[in-house]
Amino acid sequence: MMQRDMGADAGRGRNGRTFDEHVCANRETVARLHHVCTFANQLFGTEHAFIAIAGDCRGPARILPLTDCCSFPLHLPDLPDEDLVVMLDRTGRSEGFDAEARGFLAGACLQEPDGHRFGMFWIADPAARDTFSPSDARNLRAVARIAADHLLAERERQLERMPAIFARATDQALLCLSEDGEIAFANDAALQLFGFRREDLLGQPCDILIPARLLTEHYLHGMILAAGAGGHPVERPRIETLACRSDGSEFPIAVTFSVWKEQGKVWNSCIIDDLSDRRTAEPEVVHLIHQDRLTGLFNRDRFESLVQEHCRQQNAGALIILELAGIGAIGEQMGPSLSDTLLVHAANRIRLCLPSGAQAARLGLDQFAILLPAPLDAAGLQDIVDTLLEALQPPFEIHHQRLQVTCALGHAEAGPELAADDLLGRADYALSHARLLERTAAVGFDTRLQTEACHSRAAHNDIVRALRQGEFVLQYQPQVNLEDDSLCGMEALIRWQHPVRGLLPPAEFLPALERSTLSIEVGWWVLGEAVRQMGEWAAAGLPRVKMSVNLFPLQLRSPDFVEAVSRLLAQHGVEARFLELEITETAALTDGDQSLRLISALREIGVGIAFDDFGTGYASLGTLQHYPITTLKIDRGFVRDLLTRQRDAAITRALIMLSRDIGVTTIAEGIETIEQELTLKMMGCDCGQGYLFGRSMPASDIAGLLARLPSRLAAPAMRAG
């Protein structure tokens, strides 16, 4: 106990304020507290007794007016450090008190069972006193404990009633969740929205309201924890995602979170808005059309729009593009369901790493992008990059499988004069350099890459000019049947007739072209020119042989590709069985299911499919059985050392034997010597291609070769139909 007189420091005073109505809404509780105050007045011989509740641990008092104290000036100190305060004589003026505030004032703290102080029980009288005995102090503390017990009991009852009171006051769907994410309360609007009965919903994990493909790593509960972990204020109180009803149907929702801590427990409430009816009325709302169906992140179109808007406003910030290596191989070896689940796991880990205001998207099979709109210094950006790499490093536990992936990450900073395409290009260019490190790594766009990018842009402009001015030409390299040395086909090869540098070989421009979106346009020109040339030879009465045409990786993603090939063949009167499209194994497996569907559709219309450079990527021999290919091209690297390296000879022999078993034609590239030809022939290889049989040559020379063939049609050298 600490006794004070008017001359003592009473601390800062605060005008009393009426205590929250909901605490004293129960008449029975108010009556009980009124009796406690009346008893205190009688016990201590005072005119006034009242309760003050602190706004926080030392905040301003809020007065619970349980007795008539209107004539008493309620000018009180903050919640004191002592559990008992006594002011025997308040005559005069002191900091925090008016001159009129005279007489006796004493108070005892109101405490929770754990010792937390939440208010004071005060007694007061206009007349000053000489003493306040130890017995009086014990009695005042006892009265304060009785008042605290009543207040705490009422608060517990109010906590139980508050969800129901709020639920009746709103027509929005409301869920209350326990700390571990179980549904503890659902109002009628929530039951109607999701189509559940109350008994089927309560006690269930909140994840049952999210589509199964988004369930990994506790999607919704994870969002709550990310928004306000441990009861801290919510940083991102609203997210938009997909939900599912009891019948399994999906619909878009917006979830507003409220996370708080009460009595050592974390509570979560979710107010849920159904966005289904707002798709056309409110275009700014993120709908399914803007979402990646698998992960719930933005899709490529929406993300590129966000980047364009960001750059138009000349905002600072940064762009991150990251790529997970091996997703295609996992889907190939373990099935698409497992790889899809892995992608959702990865998306959730990425989502939980994002700072407030960041936007994330899935750009393709294994690529994600993040737009950081806030200005960042180098250290801040590096922290975010490190956090992402660390989050993606641990193995993924999926269906009792431990799956490890590596991540390549490229990032670039936005600038006042930087266009959206340039920002995206810089981040993608940095990503391409991170890939070269062949491990989890991050590369930022810097001055060195700036110089390289300038060269790349110059090459891009040269390619555009070459395409517009017809500088690209096709040459054709013969493919020979090793059994009888007859011409069985040819490969169309692009060359660049540069106005200054002369005829350029592919190595001079193909690497830059493959990384550019121009590869789609150039690829269509090559395919169109090759088919046109086939039609011209056929119209001239020349025998027809198979024509192989290389596809760029980006062409595999072209919409309506198969339909366009069909139209092209029909336009020039070429039978589909005489066209073979070459795809690298890496490009095929990178695009996963999409490339498999494309290859299958091409085979259905009769077009042949060749895997080019097989054995140089990460495909397994089992891949040959999965994809409906017609031809396997053995890479020149194996052929070159066929006679000197036993390993290369063993791999080549195995590829030929497996291809024969599954009915696939083999073509060995890079044959330059008779010894190589004879060795491959003894191994059972079907066809060969290389300088031994002829270099690439213009169409006029090929026409001469065709003219010397028998007049009958030359059937394509492929076993598979």
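The structure is a predicted model: local features need pLDDT of at least 70, side-chain atom pairs count only at pLDDT 80 or more, and totals for chains, interfaces and linings use all residues. Residues are numbered from 1 along each chain as its sequence is written, and side-chain values use heavy atoms, without hydrogens or water.

Mean pLDDT (the predictor's confidence in each residue, from 0 to 100) is 78 for the protein. Of its residues, 77% reach 70 or more. Residues 92–100 stay under 50. For residues 224–236 the pLDDT is also below 50. Where pLDDT is low, the predicted coordinates should not be read in detail.

An open sheet is formed by 5 strands with mixed pairing, in the order β16-β17-β15-β20-β21. Strands are DSSP runs of E, at least two residues, and helices are runs of H or I, at least four, numbered from the N terminus. Two strands pair if DSSP finds at least two bridges between them. Strands β16 (359–362) and β21 (441–444) are the edges, each pairing on one side only. Strands β15 (residues 318–325) and β20 (residues 406–413) are antiparallel over 8 bridges. There, L324 has C407 of β20 as its bridge partner. Helix α6 (residues 300–312) lies across β15, β16 and β17 (367–372).

The model holds 4 cavities of 30 Å³ or more. A cavity is a set of points on a 1 Å grid, over the protein atoms alone, where a 1.4 Å probe fits but cannot get out; lining residues have an atom within 4 Å of a point. Volume is the space filled by probe spheres set on the points, which are joined across faces, edges and corners. The largest cavity has about 110 Å³ of space. Its lining comprises 13 residues, with M534, W537, P543, R544 and V545 closest to the centre. Helix α13 (residues 518–539) gives the largest share of that lining, 4 residues.

Methods: Contact means heavy atoms within 4.5 Å. On a 1 Å grid over the protein atoms alone, a cavity is a set of points where a 1.4 Å probe fits but cannot get out, and a pocket is an open set with protein on both sides within 12 Å along at least five of seven lines; lining residues have an atom within 4 Å of a point. Axes are lines fitted to C-alpha atoms, for helices over the stretch in contact, and angles run from 0 to 180 degrees between N-to-C directions.
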